[in-house]
Amino acid sequence: MRWQIALAVVCFILVAALLAVQRPPEPEVEPVATPVVVENGACTMLVAAPGGVLSEGLVGSPQYPNPLLADANPVDSQIVALIFDGLTRYNAQGELEPALAESWVVSEDGTRVTFTLREDARWHDGEPVTAADVIFTYGLMQADDFPGDPVLARSWQPVQMTATGVRTVEFVLPQPYSPFMELTTRGITPAHLLQNVNSADLTTTAFNAAPVGTGPLRVAEGSNWSRDGHLRLEANPDVWDIALDAIDLHFYRDDTALIDAYLAGEIQAMTTVSREALPEIAALPGMRLYTSAEPRYAQLLFNVNSFEPTVTADNRLREAVALSLDRSALIDATLNGQALLLDGPYLPTSLAYRPGVTAFVPDAAAAGQLLDEAGWPWLSGSATRVQSAESETPVPLTLRLLTSDTAVHQALGAAIVASLREIGISVTQTALSGDDLAVALQNRAFELALVDVRPPADPDLYDFWSQEAIVRGQNYAGWNSRQASEALEDGRRIWPSEERQQVYGDFLRWYDQALPAYTLLQYVSSYGLSDVVNSAEIGLINTPRDRYRTLPDWTIATREVAVNCPEQ
């Protein structure tokens, strides 16, 4: 059974939703779903009460829960998303909205962006957020010895920054570059706590053990994950007023340890349930699962390099491959139904998304006809199509499929091999990891390559599909389209969203015609929550903090109150 995006998955339990921090002596409460208890002629009932700690489990452990270093570790990314804010953030519709900034202005020439910070923005320790914090944070990434992602350093190094006031900061770009705004979603760090820390020392600073941010949750006083093995978070009173005392994040080595902790009552929630463990976790007593799309998809690249042509340079062969693949069946067979169909190179939350781009309905007969037209007949009694069937040594239609060595990729790859076999294409699958995989992609040692893509939130795909990205980027397919590349360049220079949509529409038309890649699916992730947690209504989860949208209503503690006994 496929777990769909939990847009309408809501678990209703009768709870005391009206309990507040300023609790009156005898608040009106609704009973939890428990029976009336009769003892010595008196009747009582359990009702939801403020207090209690929600314990949540994650597989993995923190390393650098710092917004400048967190990208490489999913656990760090989870923590950072709860504790820190950037100048801006993306909403559920993929639109930029203010976070620490209250507003921004772009100059007419598109090279200057001036932000004004919120007057009420405060660090968790009560200090005000100032322009100095912004310049300090982004300045750390400009340093030559910055230990984080080198792409971040290259993005920030050309940017000039000036504090034009206590709450205003101006960024000067070397040229108009609208994707710059995505860079401003990265969390800001407190200069007053890190001012003596050099960029090179970011990985060793004690700040990472108990980080201080501005987000809706803050590290509880005295909590230290590196010392305690868990991290206690409490509500930032400037943002949320909640009934729970705290949220404890516990870290486990694998899914087995996570499940054992739930069965032992150590945790009541699980963050990012793995696909492999999903069936077992779904069957746990009291478990509720909320599933949403991840900002990540699986894509099949075709080697269309015009400098060293391969058989996949023929558009008819690429279309035949796409027509042979039943993407819904792939999802069911390899991912327990845990993925969604996706068309094209953009996520549905992107302003550039267009449904139906490079979308094919499975049709083996049509695929076979295209291969016949391309000069690859399927001779009677042969397992594989051949070229030059009249010659003494016909050339078989054999493709190299490159995948990572993850279990998901190997399973998807095997299913692709089987599907292509059905239309007479022989496929050799090679699974590689780490540097070996990167080298093989860069050298285009494949006809087909299965890759996972986490596109930027901004629709700028220049680094993926421009002509320059063939040499200095991730255009591993080698798609050499001047028209598409020019559209992507224009998209970088233009600031108004409506105009950018038109430009990226042009790019998608060229992309759809050329079919340099075929998007197979969008991944999903699940959040598990025990039914001992009351009033937890969870909708779409785009960011880690989205699961806590209704956190002020959640309760886990109960208390006994006297009620009228039922009539006999």
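Modeller: Helices here are DSSP runs of at least four residues, numbered from the N terminus. Keep in mind that this is a predicted model.

Colleague: Is Gln78 buried or exposed?

Modeller: The cut-off for buried is under 20% relative accessible area. Gln78 comes in at 15% relative accessibility, so it counts as buried.

Colleague: And what does Gln78 touch, leaving out residues up to four places away in sequence?

Modeller: Leu58, Thr271, Thr272, Pro544 and Arg547. Take Pro544: it is 466 residues from Gln78 in sequence, yet the two C-alpha atoms are 5.8 Å apart in space.

Colleague: Which side chain does the Thr214 side chain make a polar contact with?

Modeller: That of Asp85, at 3.0 Å. Asp85 is also one of the residues Thr214 touches, along with Ile83, Phe84, Leu100, Arg122, Trp123, His124, Val129 and Asn236; residues up to four places away in sequence aren't counted.

Colleague: Now a whole helix. Why is H9 described as largely enclosed by the rest of the structure?

Modeller: You go by its residues: 7 of the 10 in H9 (residues 315-324) are buried, and therefore the helix is largely enclosed. The buried ones are Leu317, Arg318, Ala320, Val321, Ala322, Leu323 and Ser324.

Colleague: What covers the buried residues of H9?

Modeller: The cover includes helices H11 (364-373), H12 (407-421) and H17 (497-514), plus strands E14 (287-302), E18 (398-404) and E21 (517-530).

Colleague: Which residue caps the N-terminal end of H9?

Modeller: Asp314 does, with a side-chain oxygen 2.9 Å from the backbone nitrogen of Arg316.

Colleague: You listed H12 in that cover. How do H10 and H12 pack?

Modeller: Read the angle and the spacing of the axes. Helix H10 (residues 327-335) and H12 pack at about 135 degrees, and their axes are 10 Å apart. Angles over 145 would count as roughly antiparallel and 65 to 115 as roughly perpendicular, so H10 and H12 are oblique to each other. Their crossing is right-handed.

Colleague: Which residues make the contact?

Modeller: From H10, Leu330, Thr334 and Leu335; from H12, Val408, Ala411, Leu412, Ala415 and Ile416. By class, that contact has 7 nonpolar residues, 1 polar and no charged ones.

Conventions. Residues are numbered from 1 along each chain as its sequence is written. This is a predicted model: local features need pLDDT of at least 70, side-chain atom pairs count only at pLDDT 80 or more; totals for chains, interfaces and linings use all residues. Side-chain values use heavy atoms; hydrogens and water are left out. Buried means under 20% relative accessible area, exposed over 50%, partly exposed in between (1.4 Å probe, protein chains only). Helices (H or I, at least four residues) and strands (E, at least two) are DSSP runs, numbered from the N terminus. Contact means heavy atoms within 4.5 Å. A polar contact is a pair of N or O atoms within 3.5 Å; within protein, one must be able to donate a hydrogen and the other to accept it, and residues adjacent in sequence count only if both atoms are side-chain atoms. Axes are lines fitted to C-alpha atoms, for helices over the stretch in contact, and angles run from 0 to 180 degrees between N-to-C directions. Angles under 35 degrees count as roughly parallel, over 145 as roughly antiparallel, 65 to 115 as roughly perpendicular and the rest as oblique. A crossing is left-handed if the near helix is turned anticlockwise from the far one by less than a right angle, and right-handed if clockwise. Ala, Val, Leu, Ile, Met, Phe, Trp, Tyr, Cys and Pro count as nonpolar, Asp, Glu, Lys and Arg as charged, and the others, Gly among them, as polar.
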